[in-house]
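Please look through the sequence and the structure shown here, and then read the report that follows them.

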Amino acid sequence: MGSADAGELARSLAWGVVVPRGVPVDGGVLHGCPGSPCVAAIGAFDGMHAGHRQLLDRARRDAASRGLPLVAVTFDPDPSGILGPEPQPALLSRDDRLRMLWSTGVDGILVLDFTAAVASLDYRRFMDGLAATLGLASVHVGEGFRLGAGGEGTVARLAAWGAGAGVDVFGHRLLALDGSPVSATRIRRDVAAGDVQEARRLLTRYHFSHGTVVHGRGEGTSFGFPTANVVCPAGSVAPASGVFGGYVVVDGLAWPAAVNAGLPPTFADGGEGASGPLLECALVGFSGDLYGAAVEVMLTEELRASRRFGDVGDLRSVVLGNIEQVRRRLGEAPVRLEGPR
Ligand SMILES: Cc1cc2nc3c(=O)[nH]c(=O)nc-3n(C[C@H](O)[C@H](O)[C@H](O)COP(=O)(O)O)c2cc1C
Ligand SMILES: Nc1ncnc2c1ncn2[C@@H]1O[C@H](COP(=O)(O)OP(=O)(O)OP(=O)(O)O)[C@@H](O)[C@H]1O
């Protein structure tokens, strides 16, 4: 576990990136004033992973060669909640997704309200509406992408629609690593299983979770390691279990931390399940009251599996050992992140 530099931590959070205020347009909100005509890239973009970045790069090159602005077209809420039995847990909140999209240098972001009515639109009507709103010159999606009622708007059908509408449609080959496509679904699984390093590879940044510090059982301090019990929003992605090294960001300072994900197995029978993922964080070098604070937690390396201890004294010495491991590897001084939040 090497200490992360301020640049990588800030980039992982899109720290300091400000998305222009949106103006309502037909069916959604447009951020930025890109002008018309334009080039568009369409998708949910949860995670803004390496595949999404590659797609946006291709679209940006096309836009540059045409001398046109690039607009990312995305949806809110995530279509999975309308199209599937229940919403997929999210790697990024809506605002983080927009900040991260904006940080890639797009000229505009159109956030379409994804309602049941939009989901049931025929793909040709959807595309006609998009073309009328944005003045499309070309559209970029990944191969296998579908939109419109029943997912009938495949890349081939979108291209046929485009041929009639004067819009070039590109269905790009998906970026694959180790033989399978990089996807938000794959990264959600990696994070949930605690493989935060694999998630970092596919995201090209650290995954992080927002959360609020709540009161725990209050025993950590007597064990010699006060912990900030961070509850993340229901429906956000975090490891189900495990002990990690990483950072907790408080007021623009990223503090090294040793973190237990999930209910502690030693005390789990006494604990109520939290509303969202729970991250118990022992911040290194920090002293102060964090109750009620909104923080971000970034896990950089798994240290060990979380386990049940028969003896609280053993738990205490193992946890103190983990905290010492983090102190040695990440130091005890916070990393300052520059810019507004
Ligand atoms: C780095 C770290 C590792 C931990 N590992 C375990 C573990 O393996 N098993 C376990 O039951 N609890 C583990 N815990 C959770 C502690 O049991 C818990 O933080 C402590 O009981 C204090 O809880 P409280 O803040 O609710 O009072 C760990 C906590 C930290 C910070
Ligand atoms: N690996 C990839 N390489 C290139 N483009 C991709 C890749 N994955 C997705 N895309 C494209 O990026 C856009 C946004 O992706 P989207 O969020 O819909 O897919 P995803 O990451 O595969 O998510 P999920 O796993 O939840 O389906 C879409 O046009 C999609 O086809």
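Helices α6 and α7 are oblique to each other, because angles under 35 degrees count as roughly parallel, over 145 as roughly antiparallel, 65 to 115 as roughly perpendicular and the rest as oblique. Their axes, the lines fitted to C-alpha atoms over the stretch in contact, with angles from 0 to 180 degrees between N-to-C directions, come within 11 Å and cross at roughly 50 degrees. Both helices are DSSP runs (H or I, at least four residues; strands are E, at least two), numbered from the N terminus. The residues that make this contact, meaning that their C-beta atoms, placed from the backbone, lie within 7 Å, are listed below.

| Helix | Residues in the contact |
|---|---|
| α6 (residues 123–134) | Tyr123, Arg124, Met127, Ala131 |
| α7 (residues 155–165) | Arg157, Leu158, Trp161, Ala165 |

This is a predicted model, in which local features need pLDDT of at least 70 and side-chain atom pairs count only at pLDDT 80 or more, while totals for chains, interfaces and linings use all residues. Residues are numbered from 1 along each chain as its sequence is written, and chains are lettered from A and ligands numbered from 1 in the order in which they are written.

Around ligand 2 there are 21 residues, the closest being Gly43, Gly51, Gly142, Ser183 and Thr185, where a residue counts if its C-beta atom, placed from the backbone, lies within 6 Å. Two or more residues of this shell come from each of α2 (50–66), β6 (136–142) and α8 (184–192), and α2 gives the most, with 4 residues.

Notes: Two residues are in contact if their C-beta atoms, placed from the backbone, lie within 7 Å.
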